[in-house]
Amino acid sequence: MIWPFLTVISYSITAFGDKYIAAKLKCNPAEYTFIVSAATVLWLLFLLPFTGWDFQTGSKSFILLVFLVVWKLMELYTTSVLLKFMEPYELKVWLGINVVLSYLYNVYNGKNALRADMLILAAFLLFGIYIIVKDSSTGKKNLMKTIPVCIFYIFSKLMYGVHMREATGYGNSVTILIIVLSVTSVIQLPKLDIKKLVSKKGFLAACTTRIPNATGLLTEALAATANLYFYALIQPVQLLVLFIAGLVKGSGMSPKKRTGSIICIISVCIMTILCA
């Protein structure tokens with residue numbers, strides 16, 4: 001029970017760290033991607049004594065690494081854009097759609113049966129997101145730009161998960177992440193003014209926000225081996241924690257947005273339990 005709990009805490013802190021980098025530091029997508037990638041690699045290196053370096057080189061593993069870099073770039077760029085005006089819990093609400101997509105993917109592969117209750121819960125989730133989006137203070141023009149960005153964000157997270165599962169057949173996740181994030185950060189260098197970025201007030205604080213992310217990767221792996229049921233609950237519980245934190249923080253959550261969020265949280269929790 002301790003490992004899922006620590007994972008939820010670590011990833012929740014990371015989510016607010018992401019918000020800090022994107023909104024408070026006012027980083028553009030390239031700056032955000034560089035800080036998140038490079039700082040995470042730095043802290044992941046401290047995990048190597050516990051996990052070891054394990055990666056098998058070959059044509060298939062190389063292709064998977066290329067895909068992972070592409071999806072990670074798409075994820076970080078879209079996250080940077082969305083966190084400019086979204087709260088962390090809102091971003092996680094959108095990510096709840098991946099529970100539905102993952103379920104449908106398993107149905108397609110014959111791992112799960114198509115169930116009416118899952119489809120009903122998926123409809124409730126989409127209804128909750130609709131309430132949140134409709135109540136958003138974002139104008140209609142910006143809303144039309146936001147939805148495609150959210151779709152790219154969801155797609156990148158889904159495909160990253162699919163290819164990461166395949167990639168772990170060639171090495172451990174920490175090693176793969178170090179490679180992927182190193183490449184991701186290096187790609188940003190031509191777009192950056194490093195002196196300007198490092199001189200930003202709060203740069204070092206932004207880098208330290210990646211420590212919980214590295215810690216979460218380790219505790220998540222331990223949670224998966226300890227108890228798969230509690231491991232499956234990490235995402236919905238994290239969504240609940242971020243929602244409560246948003247309420248406590250007073251993030252300008254209207255009654256409609258609160259209602260939509262509660263519908264989404266309940267839907268995601270029940271779907272995760274049913275799929276566990």
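Modeller: Gladly, and let's begin with a term: buried means under 20% relative accessible area, exposed means over 50%, and partly exposed is in between, using a 1.4 Å probe and protein chains only. Asp117 has a relative accessible area of 31%, so Asp117 is partly exposed. Please keep in mind that this is a predicted model: local features need pLDDT of at least 70 and side-chain atom pairs count only at pLDDT 80 or more, while totals for chains, interfaces and linings use all residues. Residues are numbered from 1 along each chain as its sequence is written, and side-chain values use heavy atoms, with hydrogens and water left out.

Colleague: What makes Arg115 and Asp117 a salt bridge?

Modeller: A salt bridge is a side-chain nitrogen of Lys or Arg within 4 Å of a carboxyl oxygen of Asp or Glu. The closest N and O atoms of Arg115 and Asp117 are 2.7 Å apart, so the pair qualifies. Arg115, at 32% relative accessibility, counts as partly exposed. A search of the whole structure finds seven salt bridges.

Colleague: How do you know that Glu166 and Lys60 form a salt bridge?

Modeller: Their closest N and O atoms are 3.9 Å apart, which is within 4 Å, so the pair counts. This pair links distant parts of the chain, with Glu166 in helix α8 and Lys60 in helix α4, 106 residues apart. Helices here are DSSP runs of H or I with at least four residues, strands are runs of E with at least two, and both are numbered from the N terminus. Glu166 has a relative accessible area of 36%, so Glu166 is partly exposed. Lys60 is also partly exposed, at 42%.

Colleague: Are Lys257 and Glu90 buried or exposed?

Modeller: Both Lys257 and Glu90 are buried. They form a salt bridge as well, with the closest N and O atoms 3.5 Å apart. Lys257 lies in helix α15 and Glu90 in helix α5, 167 residues apart, so to speak a link between distant parts of the chain.

Colleague: Why is helix α5 called mostly covered?

Modeller: Eight of the eight residues of α5 (residues 88-95) are buried. Among them are Pro88, Tyr89, Trp94 and Leu95.

Colleague: How do you know that the span of helix α15 agrees with what it should be?

Modeller: The expected span of a helix is 1.5 Å times one less than its number of residues. For the 21 residues of α15 (residues 255-275) that gives 30 Å, and the end C-alpha atoms are 30 Å apart, so the two agree. The buried residues of α15 include Gly260, Ile263, Cys264 and Met271.

Colleague: Why are Phe67 and Trp71 called stacked?

Modeller: Rings of Phe, Tyr and Trp (its six-membered ring) pair if their centres lie within 6.5 Å; planes under 30 degrees apart count as stacked, over 60 as edge-to-face and the rest as tilted. By this rule the count comes to four aromatic pairs. The ring centres of Phe67 and Trp71 are 6.3 Å apart and their planes are at 15 degrees, so the pair is stacked. Both residues lie in helix α4 (residues 59-82), four residues apart, about one turn of the helix. Phe67 is partly exposed at 37% relative accessibility, whereas Trp71 is buried at 10%.

Colleague: Why is Lys72 said to lie over the face of Tyr160?

Modeller: A charge sits over a ring if NZ of Lys or CZ of Arg is within 6 Å of the ring centre and within 35 degrees of the ring normal. Lys72 is at 4.3 Å from the ring centre of Tyr160, and lies over its face. Lys72 is also linked with Glu75 and Lys157 in a network of salt bridges.

Colleague: Why does Lys26 count as exposed?

Modeller: Lys26 has 64% relative accessibility, which is over 50%, so the label is exposed. Lys26 is in the loop between α1 and α2, and its phi is near 55 degrees, a positive value in a residue other than glycine.
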